[in-house]
Every structure is written in structure tokens, then in C-alpha cells.
Amino acid sequence: MDEEIVDYALEYAQSKKIDYAEVRANSQVQDRIILRNDILEAYVSAVDSGFCVRIMADGGIGFASTNRWSKEETKATVDLAFRYAKAANRKDKLIFAEEKGIKTKWVVEQKKKIENIAPEEKISAFAEVHKTLASCGINVPAVMSQVFIDLITKYFINSEGSRISSFVPKIGAYVYVTVAEQGKTEQGYEQFGYSGGWEALDIWKIQERMMHNAKVLRDVITKAKPVKPGEMDLVCGPEVTGIAAHESCGHPMEADRILGREMSQAGRSFIYKGGNYWVGTRIGSEAVTVVDDPTIEHSYGYYAYDDEGVKARPRFLYKDGIINEFLQNRESAAKLGTRSNGSSRSVNYDREAIVRMANTFVAPGKFTDEELIEDVKQGVFMKSFTEWNIDDKRFNQRYVGKEAYLIKDGELQHPVARPVIETTTLKFWSAVDAVSKDVEFDAATCGKGDPAQGVPVYTGGPRIRLRKVFVK
Amino acid sequence: MNDILGKTEEIVKKAKSLGADEVVAKTTFGKYRQVRFSNNQVDITVAWDDYVTDVALAWKKRVVATQMHDFRDVDAAIKRLVGLAKVSGENPAFGGFAKGSFHYANSQADKKLETLESPTELVFEAVDAAEKEAGSKVDSGGILFTKYEDVYLVSSEGPSGVDSRSAVELSIRAFSEQEASGHGVECSSTLKDFRPSRAGSKAGEIARLAKNPKVGDEGVYDVIFDPLIFGSVLGIWGGMASAFSIMIQMSIFVDRLGKKVAPGIVTLKDNPAAYSMSQRVFDDEGVPTGENVIIDHGVLKTYLHNASTAKVFKTKTTGNAGLIAPTPWNVEMTPGSLNKDDLFEEVDRGLYLTNTWYTRFQNYIRGDFSTIPRDGIFLIEKGKIKQSLKDLRISDNILSMLGNITGISKERQHVHWWGEADPPSLSPYVLIKNVHMTKSK
């Protein structure tokens, strides 16, 4: 990364009649490993380095990026961004919410430096997963692993005096497993994610978790019974709690979505001006508080400053069941008359930073995990999920259980085959009557933007108990 | 142009000299433009100018790849890559990159898309058309995207060629009410015959019809799929036809080659033809691309292959090599015998769905999945649209749906939208019987 070129780009942009300019450079040392069973299909190793210029002029925004680091190319990139900003010709002129310039550097520390890990060690860490599964006594015809390792260096400067440098190593992986027993198949996957060094592998315990997955999938085939559809209590494990927090709290609380800026792709929100829901409206029971917090150290969604140079902080989205605070970047905050809360993220230099979640989770309650089960006469414990989705206003959602058990008279019984909850955001969160103490997190990739920008996040929470919901 | 091809060839020679058995290098100079708009105004205009050389090499059946962004870095980058291959694990299934010397069709890329710098007026053509067709004020949003790429490919195994690839796409969603919207797309490889107003009119028409929606009822319906939503389904079937999807057991087509998977009226092809947004004259191994019939009158005829997967399946490459795995370029369903209106007449009581998103599978081999229709959802009675609906979900099986196709229209549309209707496809109106719809309780 050539910081002199970045500085030159801003200097050149400021020589024009602009309202605002920023230059964001990004260099990513990338490893991508694809394994089919224990066979390496491909190892892709590359360095992607470039910068973007975002200019606001006459109330319009222009954005241009390049990966060619020359002064000539820099001038052309700035010229293009400036020309596009002017061409917007908007009736409603855009402004950004106020921020002060910040000069700082931040890094995520590594206990075991990824730079010191040999490629063969990286490969073997995941090839071993298949070897373990192949010898566990369960018929596992296919395991597919995708590994993403990124060393991300950023340099952000803007016309308000900000100058922020950062370095973040991130490791992520998907492992898909197919189990075949009695002529039937079941499939499932686990995602892993961490900001930091190779110590992630010690924390993840991939082999243990994938072995558990294989056993769960085998039991779905050999032991599980369907649930008799009807109204009953549902206890959600942290994985299910987390996906619900992400889908039906985090997403609808994105201010750009609320304002319609994502209307054609990710959609709008059930929260909108003049509608039934806004800040101060009840959306869940008093037991429900959902937080989005980018500052959880070593989390997959960790950052100290967002991609507009705004300091990160926790956001209380739903607080005691009440809609509390939207996720904001500087553009949305200005439109809604507030300040950014540091939610602007971009996956690379060639993508616009937009409003995103970081680590979204249900805040802990006062119960033990056991107490939540003990008080259920008839219900289902949905520990993890497989198929899921939600509509684009983020109101109608569906979660299908992967590992799930019948609860009868406060005791866990046999596994339940693919139980389904299909309900609204209001009904889901209003039905929560108890929340346990212990929060757990899962890694996920949050999708949004056009072109798509999959950003690393955590989803999570403790166990939660929903009373009298329809399970089928 | 020859200079870039020469530099790409030097990369291949360098890798060979360092011990690589086989090498493919592909240099792409890409120029991409996008206008994003919402609430009838431009939010941001974006330009990406990218240069990248993708290099894949094999050493003793170890396959590694890299991307380079500067010809000055070649020696060090290739040395690193060959070193990486030497510590990587063997892939016994790797059968080598495609071999041979080929003649390629002339590229039909549109040069006008290389120089189009301010496409904003095309956006307003669509926005105006949406409002006109809706007959009242609508809030429209979407994107206009243009692409122009010069591609230079050299393989140590013989193929060498130059291609230019262009595309233009407009996607617009119009809201007539908070919960009433329509979506239209216009996709092409050239500006000739590109009519943003068609997408706008379609979005406006559906938005008008979608007003005052009622929550739909759960049940089993005969469903007419609009070309846009059916494009999402075609993309799923196309992806599942990749031989790699078969090898990793992520496809309903596992163990079904040569078997009947659909009624006789269904013929499904992959074809990166000149009209397609993904038109190209060679694949990522330098094999000429062309039409491949995946399902022929209901019978699964082939998977999509690169040279290596073709060896595993004891057949020939279909010219679908991506950098790592075979991929569909542009999925076509051959037209049926009915007009669109005749297709509606076939439905006594059913649904007309126009778009969908968030498709997720429980099991890719079985095909159990759900997806959430959006924009216009309509109840059809006796062939006519009776009522606008909302809040319904398809919860069904993608193999059963393929088997339950009973009608295909003559009319087809080239569609592509975001990650949901991807890859691009040539998609008709299709009638599928007995589709399971669910809703929130």
C-alpha cells in the first residue's frame, strides 16, 4: 500500500469544489483453501490492494476505485468520483451527520501469527476433520471445507482531518457434512470465524464440533420423530436465538433499509415513518434486549472504527422489548437528524461502505439453562437450525431445527425431526418469557449490498424460552 | 492487445520454467459502472476499474492459484505459487487442464459499453416508465450496471485467445404502497435493443396490481412463475448441474444421469450465447463455449464439466470451466407451446408469483427448501388475477417442482437480478402444479 498515493488522492480531491472527500485504501493478503473430503481441490493465495475515493459535491455522491497505484490513475479516479457526484443532480441534497476528524492507529493482536503458519499446516488442520469423520463409525460420504484467511491493512483519510490506520487478521471457515444412513441422507454445516491469529483453531475445536454434527444428523435419520403440530413452548439454543436476533432485529433496524436505500435488493423494513413501529414502540416482551456490539475483542465482526472513521460502540437495538436505536452511518443519520453510531462497513476498497451489523445478540437474563427447560410441560428444545429465511421487510421468518428434542414435563426426550417455527417478528419476541445467563456466539456472514458484500459477524445469545408458539 | 497477451504468456512460461506441470493465466481489464437509486433519486454512482491476472497451476496433481495485479510482480508471485504447490496435497481427481488448439468465434461485445460514462439518463427512463404504468406516484429503486472486459488467456496446454465481454443490466423495484411493489429487469450484452422502460413498465404494472394485498392462505396451489422468479429456479438447477456440485453431494442430480427428472416438455440448456450478459467465447481453460443440453425432454443428459471433472465422469469437457470448478454461464429453458395468456387460462385456482428471495435448503440431495416470494403475489381464479396477496412462502422440494411442470410459455425473457436470479437465464412463464405454500402463525 502506497500511503503517499492515498494522500495525493485526497489532496487532489480537495483542489476541487467538494463538500466532502475521503480515500480508503485496503490491502488484503488472502488465502482461500477448498477441500473435498481430505483432498485439496485448490489453494488460492493472493494480495488484493487498491483504494477508493468517495466525494460529495452539490449534494450528490460519487465513488470510484482502482487497483492501479499511479498518480495518473489516481487523478482519473478522483475526476470520475467528482464527476459522478455532480451528475447525481438530486432534489434532496445529501449531507453527512457531523463527525470530528480522528487520528489513530488500531490493530488486532495475534497470539499465533498467521504469517508464521506454513500452508501445509493450514491445509492439514481442515483435512484432519474428514479423517476424523471417516473413522467415527458414521457413514459420511462427503465433507466440504472452505477456509478464508485475510490479513487486512487499511488506511482511511478524509477532508475533515481523519487519518486512521488499522490491521486486522481474520480467519473464517465453512464445513459442510453429509451423513447417509438407512438409505437416507441428512446435511448440515458449521461456520467458524475469528479476528486474530491462528490460535482460532485451538478455540474452535472443529473436529469435536463436526463429530457432534455427524452424530446429530445420524440421530435425525435413525432416532428422531416428527413433532405433532400445535401450540407449545419452544426453548431456543444460542444458535437459534442468534439467528433470530440477526434477522428480525438487526436487519430491520438498519437505518438505510428503513429509509428505502436498499429497497430494490435487501428490501425495506417493517419499521418505517408513519407505520406501526418506530423508536419507542414495543416489539417484544420485557425480557428481550438485543445488542449489536462491534467492540467484542477477537469477535468475527470486531472493529474499533468503522469504514467512515467513526468510533465503534455497542448499540442497544431492542431494549426491554422496546425499539430503541437504529444502526446508522453518516448518511442515514443526517437524514434522521441524529449521529452515526459507527455502523458503516465495506468488504474491500472497491465497495461502498453501507450500514451493517457487527455482533448481534440477545443480552443475558437471570435464569440457568436448566431452569428454562424445567418449567416446560410440553414443548421443543431447538438447539440449532438448518434451513431458515425471512421476508424482505423482516417480519415473517422461518427456522427449521437441526438438533432438536421434545420436552415433556421438564425433561428432554427423544430427538425431533426438523421441527419448524414460522412466525412473525412481533409474535416471536413477544412470546419470550425467560432468558438464560450464558451467552454463546456463532460466526456468520451477513449478506447485503449490490454488488453483494458478505461481512463477517457474530450472532448469539443465551437460551430463550418462548411460550405458546406454533411449532410444526 | 498483443502486448497484454504476450505478458500473460510470459507468466505461463515463467511458471513452467520453475517446474509447474500445467499453467493457465487469464488477464482481465475490467471497466464496471453502477448507478444506485432509491426513492426515485440517484444515491451514488460507482466506477470500478480493475486489472487482474488469475493464474492456476498444477504440479504433480497439486492445484494452486493466485491473482496478480501488477505485471512487475510476476517473478516473485509465481515463485511463491510454485512453492505453495510443492507443499500442498495431491488431488488424485485432478485430470489436467484442457488440451488443444482452438479457433474461437469473434467476440460480439458492444464497444459502446466501454465508453459509456454517464448512464444516469437510462435510470430515469425506467423510473418514469414505472410511474406511468402504475398510474400513480411510486417509489422506485434499483441499479443500472454496465460491464466491459478485455480478457486474455494463455494455457501451457495449447489454448490461447482474446475475448471481449460486455453487459448492461437495469433492475427496478417500484412501490405503489408500503406493502405493494413490482420488480422489473432488463438485461443484455449490448446497448442495442436495451430498453430500460420495459423494466420500469413491468415494475409499475405489478406495483399497480399489487395494491391492497391480503395475507394469503396456506395450501397447495398451481403456480404460474413469472420469468424473473423462474430465473431464480433456473439458476439453482443450473448450479446443481455442475459436476463439482455432484462430487460434493450438493445436488438433486446426484446419481440421476440418464434418468427422467422432468416431464417431456422440459428441455434445459446452458448457453453463453451472444445475447447473454455472461456471453464469452472461451471458458477459463480456453475451451470454446457453446450450447449444452442439460435436460433433454425430461431426461438428465449431462453435468457441466471442465477438463478435469470430465475425466472423473469419463466424458468430455462442456466448456464450463471456472477458475476452480465448472459453472453454468446462462441457463435457458426452451419455449413451450402456449402463450402467456393461455397459461393463465390453465389455472382454475392458483397463484401468480413474480419474484422471490432468500432461498435456503435443508438438504441439497433431497432438494427440500423454502423461499419467500416478494413483490406481486396474486391469487388467480379461472385464469384471471383475482386478488393481491402477501406474506406467503414456498416450502417445497426443488426436484418435485421440476417434475411438476405442466406448462411453459412461448414468451421468454433474459433475466438476471442481484444474487437471487443468478446466473443470467432465458426464462419463460412456467406453470407448476401442487406447490406447497406456508405462512406465519
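Reply: A helix axis here is a line fitted to the C-alpha atoms over the stretch in contact, and angles are taken between N-to-C directions, from 0 to 180 degrees. Helices (H or I, at least four residues) and strands (E, at least two) are DSSP runs, numbered from the N terminus. Keep in mind that this is a predicted model, where local features need pLDDT of at least 70 and side-chain atom pairs count only at pLDDT 80 or more, while totals for chains, interfaces and linings use all residues. Residues are numbered from 1 along each chain as its sequence is written, and chains are lettered from A and ligands numbered from 1 in the order in which they are written.

Me: Got it. At what angle do the axes of H1(A) and H2(A) cross?

Reply: Helix H1 (residues 3–14) and helix H2 (residues 71–87) of chain A cross at roughly 40 degrees, with axes that come within 10 Å. H1(A) and H2(A) are therefore oblique to each other. For the naming, angles under 35 degrees are roughly parallel, over 145 roughly antiparallel, 65 to 115 roughly perpendicular, and the rest oblique.

Me: Is the crossing of H1(A) and H2(A) left-handed or right-handed?

Reply: H1(A) passes H2(A) in a right-handed crossing.

Me: Which residues of H1(A) make the contact?

Reply: H1(A) brings A:Ile5, A:Tyr8, A:Ala9, A:Tyr12 and A:Ala13, and the H2(A) side includes A:Val78 and A:Phe82. Being in contact means that the C-beta atoms, placed from the backbone, lie within 7 Å. The contact residues of H1(A) and H2(A) split into seven nonpolar, two polar and two charged. Here Ala, Val, Leu, Ile, Met, Phe, Trp, Tyr, Cys and Pro count as nonpolar, Asp, Glu, Lys and Arg as charged, and the others, Gly among them, as polar.

Me: And what about H3(A) and H5(A)?

Reply: Helix H3 (residues 119–134) and helix H5 (residues 206–222) of chain A also cross at roughly 40 degrees, with axes within 10 Å. That makes H3(A) oblique to H5(A), and their crossing is right-handed. Among the residues in this contact are A:Val129 and A:Leu133 of H3(A), with A:Met210 and A:Ala214 of H5(A). By class, the contact of H3(A) with H5(A) has six nonpolar, two polar and one charged.

Me: Switching to sheets: what is the order of the six strands in the open sheet of chain A?

Reply: The order is S11-S10-S9-S14-S23-S22, with mixed pairing. Strands pair if DSSP finds at least two bridges between them. S11 (322–323) and S22 (440–446) are the edge strands of chain A, each pairing on one side only. S10(A), residues 315–319, runs antiparallel to S11(A), joined by two bridges. In S11(A), A:Ile323 is the bridge partner of A:Tyr318.

Me: Which helix lies across S9, S10, S14, S22 and S23 of chain A?

Reply: That's helix H6 (residues 238–250) of chain A, running at about 120 degrees to S23(A).

Me: Now, how do the two chains meet?

Reply: 63 residues of chain B are in contact with 66 residues of chain A. S2(B) gives the most to the side of chain B that touches chain A, with 11 residues. That side of chain B has 28 nonpolar, 24 polar and 11 charged residues. Strand S2 of chain A (residues 39–57) pairs with S3(B) in the parallel sense over two bridges, and A:Tyr43 stands opposite B:Val64.

Me: How many helices and strands are in chain B?

Reply: Chain B has 10 helices and 18 strands, while chain A has 10 helices and 24 strands.

Definitions and conventions. Contact = placed C-beta atoms within 7 Å. Left-handed = near helix turned anticlockwise from the far one by under 90°.
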